Amino acid sequence: METLSAFFARYQPQAEESDAWGALRFQVTSYLCAELPPNELITSARAIVTDAQRILVVRDPQGRHILPGGRREPGETPEETVHREVLEETGWTIEHLRLLGVRHFHHLTPKPAGYSYPYPDFLHLIYHAVPGRYLEHARHTDGYELEAGFVPLTALDRQALSASERIFLTAALQTQS
């Protein structure tokens, strides 16, 4: 099994940020890469979804973001996860997945009692996808996401994006060219 440090030794960090989920604190490092990291550390898969002129934006209680997706379920591949999660959060099917990179989360706080996820490190895969069909009935309206929809790329407030969102958006838009 390849170690996480050996995997990341081949890539340059593109963005480094701090994040917090309640009492949990993390150092988050984003990498652009086209290969999968160690599978056992992948807890989530997300996608930047664009067509020629628009990007899918999700609003939740914390604000707006461009990375719909979420946690892997047991036995799911990352690709199955991102398809399911984007559909549940937005109502959109996605096509033409292309791996853009990885967000590496490193815990800065002690492991909580009963914590069932990889510790001290876990990974989110970031893909680029294009929209397929909108299936209104498939969107979970009782979840964390309040709304989702496409906005023109020219109207996207890039200054409001995190450093990692900007890195992955740039990479996604380069794949469209």
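Here are legends for a few close-up views of this predicted model.

The model is predicted, so local features need pLDDT of at least 70 and side-chain atom pairs count only at pLDDT 80 or more, while totals for chains, interfaces and linings use all residues. Residues are numbered from 1 along each chain as its sequence is written, and side-chain values use heavy atoms, with hydrogens and water left out.

**View 1. A three-stranded open sheet.** The strands (DSSP runs of E, at least two residues, numbered from the N terminus) come in the order β5-β4-β9, with antiparallel pairing. Pairing here takes at least two DSSP bridges between two strands. At the edges sit β5 (63-65) and β9 (147-152), each pairing on one side only. Neighbouring strands are turned by 35° against each other on average, direction ignored; the axes are lines fitted to C-alpha atoms, with angles from 0 to 180 degrees between N-to-C directions.

**View 2. Where β4 meets β5.** Strand β4 (residues 54-60) runs antiparallel to β5, and three bridges join them. Look for D60, whose bridge partner in β5 is G63.

**View 3. R46, a buried arginine.** R46 belongs to strand β3 (residues 42-49). R46 is buried but has no salt bridge, and E89, the nearest side chain of opposite charge, is 4.9 Å away. Buried means under 20% relative accessible area (1.4 Å probe, protein chains only); a salt bridge needs a side-chain nitrogen of Lys or Arg within 4 Å of a carboxyl oxygen of Asp or Glu. For charge, Lys and Arg count as positive and Asp and Glu as negative, with His and the chain ends not counted.

**View 4. What R46 touches.** A polar atom of the R46 side chain lies 3.0 Å from the backbone oxygen of G69. Beyond four places in sequence, R46 is in contact (heavy atoms within 4.5 Å) with residues including L67, V82 and Y127.

Definitions and conventions
Helix = DSSP H or I, 4+ residues; strand = E, 2+ residues; numbered from the N terminus. Buried < 20%, exposed > 50% of the residue type's maximum accessible area, 1.4 Å probe, protein only. Polar contact = N/O pair within 3.5 Å; in protein donor to acceptor, adjacent residues only side chain to side chain.
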